[in-house]
Amino acid sequence: MPRNKFRPAATAFCAIFALALAGCASEQPKKPAGPGFTMIVDDASVSEEKLSKVIAPFFDDPALSETRALVVMEGGRVVAERYAPGYGPDTRLISWSMAKSVTAVLVGMMVADGRLALDTPAIVPEWQTPRDGRAKITLRHLLHMSSGLDHTEMAEGGVEIFDADTPRMLFLDGRENVARYAETRPLEAIPGEKFEYSTATSHILSDIMTRSLTDSKDPTVRRDAMLDYARGRLFEPLGMTSAIPQFDRNGTMLGGSMIHATARDWAKFGEFLRNNGAVRSAQMMPTSWTRFMKTQSPNDKSYGAHLWLNHKRNDGWDQVLFPGKAPSDVFAALGHLGQFVVVSPQHRLTIVRLGNTPDDKLSPIDDQLAKLISVFPKR
């Protein structure tokens, strides 16, 4: 299984299809190229000299290009941040598949609200015909990427790029209604028995959440219901004021791939997870849900519930993150082209790295992130 299959993707298809998509445009600098921005506090637990030395390669080493933003939070405060020329603290950058972890948090809040249930069959109208095996798919299966649905995330093994599900769903025949595209796929395995990383799966979860909020089929009503919930329950309490999720024309949030926010706001999301769903001592989400997100799924040791874990993968599967180079309790929200929100609980660290790096060239960035974690003391 090639590494880029599991490097979360909403894919590089914006470049391939040359679409005038807001998600792609949002990655571009909002201001003319300049000297960038660097800040390192002088009272962190690591010296300014040491921090500068370990941060510099992200921007200066060609093997780690193109890093656009790096934010380091220790113990709940920003101790270092640096931006490439043309980017800064106010620049919104695309999540790509980091959005999946946001989706999982919102699902958890709805479970806590009693709107959804983790282990009962997900009520998707498309699956409710007699003898349809898809009727057995639960939210747990979907969050573990083990629904059994026939989703092909990336083009590989002779599959034409235009035939892979993610580009078709986001940019071709599925783009008007991503949930319908994802939900009409047949089963290829018994639900719960096979890991298959899939952006389509996260869009199904977005649709399920939206239908729990409104019975309306009006796209504007659907969009507003989901947006109001995400803002009121997550973005505003966390202070993620820059966060903007995208929606398809049916009003379904693109919860597998397209949320835009500043690097500082992505760091706030990482801190929320590091603090087990609490913000300033206020418990916004049950701690049991963050434990669930960080618990190994049955079919992939390095994957929890829409969250990547720092464990070795199943035999023969390419590694994600850096097992053996950082503590095993490190976890991360990851996105295509090198988007990282990495959390090390033992170091009280949240690290955000955003950029534009091919998925098959991320190993040097993994290594440097592990080095960055290692310079901080454990608590």
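Trp-308 is buried, at a relative accessible area of 2%. Buried here means under 20% relative accessible area, with exposed over 50% and partly exposed in between (1.4 Å probe, protein chains only). This is a predicted model, in which local features need pLDDT of at least 70 and side-chain atom pairs count only at pLDDT 80 or more, while totals for chains, interfaces and linings use all residues. Residues are numbered from 1 along each chain as its sequence is written, and side-chain values use heavy atoms, with hydrogens and water left out.

Trp-308 belongs to one aromatic cluster with Phe-195, Tyr-197 and Tyr-303. The structure holds six aromatic pairs. Rings of Phe, Tyr and Trp (its six-membered ring) pair if their centres lie within 6.5 Å; planes under 30 degrees apart count as stacked, over 60 as edge-to-face and the rest as tilted. The ring centres of Tyr-197 and Tyr-303 lie 6.3 Å apart and their planes meet at 90°, so this pair is edge-to-face. The pair links distant parts of the chain, 106 residues apart. Tyr-197 sits in the loop between helix H8 (178–183) and helix H9 (199–213). Tyr-303 sits in the loop between helix H12 (287–293) and strand E9 (308–309). Helices (H or I, at least four residues) and strands (E, at least two) are DSSP runs, numbered from the N terminus. Tyr-303 also pairs edge-to-face with Trp-308, at 4.7 Å centre to centre and 80° between the planes. Tyr-197 and Tyr-303 are both buried, Tyr-303 with a relative accessible area of 1%.

Next, a buried histidine. His-336 lies in the loop between strand E10 (331–335) and strand E11 (339–344). Its relative accessibility is 3%, so His-336 counts as buried. Its side chain makes a polar contact of 2.6 Å with that of Asp-359. A polar contact is a pair of N or O atoms within 3.5 Å; within protein, one must be able to donate a hydrogen and the other to accept it, and residues adjacent in sequence count only if both atoms are side-chain atoms.

Now the core. Nonpolar side chains tend to be buried together in soluble globular proteins. The largest nonpolar core has 113 residues. Such a core is a set of buried Ala, Val, Leu, Ile, Met, Phe, Trp, Tyr and Cys residues joined through side-chain atoms within 4.5 Å. Leu-51, Leu-106, Trp-266 and Leu-372 have the most contacts inside this core. Helix H5 (residues 98–113) gives the most to the core, with nine residues.
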